[in-house]
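Let's take a friendly walk through this protein model. Have the sequence and the 3D view ready.

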Amino acid sequence: MPPNPMPHIIARLVEIGLTESNGMGSSPLSWQEINAWCDRTLIDLCPWEARLIRALSVAYVAEKAKSESETHPAPWHSAVTQREIDADEAELDTVLG
């Protein structure tokens with residue numbers, strides 16, 4: 001995982017909840033949910049922090065939906081290069097050869 005320069009943002013996101021239920025599954029945190037957390041905890045998020053938490057929730061829900069596909073790579077992996085494909089094929093040829 002890459003370094004996290006703002007661990008407090010992730011801690012707040014996890015405390016609020018990464019997602020909220022919409023009755024049919026998960027959906028990103030609503031502004032109402034974020035505001036309710038702020039009201040209840042008496043933590044006044046800066047506007048950029050609230051927007052970032054919302055954006056992270058949106059990204060989490062999108063990645064979760066993509067991950068339903070067996071061929072979707074993990075988000076911390078880079079795209080597979082042709083060199084890696086060639087190396088895997090060569091290794092497979094050696095094993096099956």
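Leaving aside its neighbours within four places in sequence, which residues is Ser57 in contact with? Contact here means heavy atoms within 4.5 Å. The answer is Leu13, Leu18, Thr19, Pro28 and Leu29.

## About the model

This is a predicted model, in which local features need pLDDT of at least 70 and side-chain atom pairs count only at pLDDT 80 or more, while totals for chains, interfaces and linings use all residues. Residues are numbered from 1 along each chain as its sequence is written, and side-chain values use heavy atoms, with hydrogens and water left out.

## Ser57 in its helix

Ser57 is found in helix α3; helices are DSSP runs (H or I, at least four residues), numbered from the N terminus. Ser57 is buried, at a relative accessible area of 0%. As for the terms, buried means under 20% relative accessible area, exposed means over 50%, and partly exposed is in between (1.4 Å probe, protein chains only).

## The nonpolar core

Ten residues make up the largest nonpolar core: Ile9, Leu13, Ile16, Leu29, Ile34, Trp37, Cys38, Leu45, Ala50 and Ile53. The elements giving two or more residues to this core are α1 (7-16), α2 (31-41) and α3 (47-66). A nonpolar core is a set of buried Ala, Val, Leu, Ile, Met, Phe, Trp, Tyr and Cys residues joined through side-chain atoms within 4.5 Å.

Not counting residues up to four places away in sequence, Trp37 touches Arg12, Glu15, Ile16, Ile43 and Leu45.

Within α2, the buried residues are Ile34, Trp37 and Cys38. They lie on the same side of α2 because they cover an arc of only 100° around the axis, the arc being that of the directions from the helix axis to the C-beta atoms. An α-helix has 3.6 residues a turn, so residues three or four places apart point the same way.

The buried residues of α2 pack against α1 and α3. On the face turned away from the buried side, α2 carries the exposed residues Gln32, Asp39 and Arg40. Just after α2, Leu42 takes a positive phi of about 60°.

## One salt bridge

How many salt bridges does the structure hold? There is one, where the term means a side-chain nitrogen of Lys or Arg within 4 Å of a carboxyl oxygen of Asp or Glu. The partners are Arg12 and Glu49, with their closest N and O atoms 3.5 Å apart. Because Arg12 lies in helix α1 and Glu49 in helix α3, the pair ties together parts that are 37 residues apart in sequence.

Arg12 counts as partly exposed, at 22% relative accessibility, whereas Glu49 is buried, with a relative accessible area of 8%.
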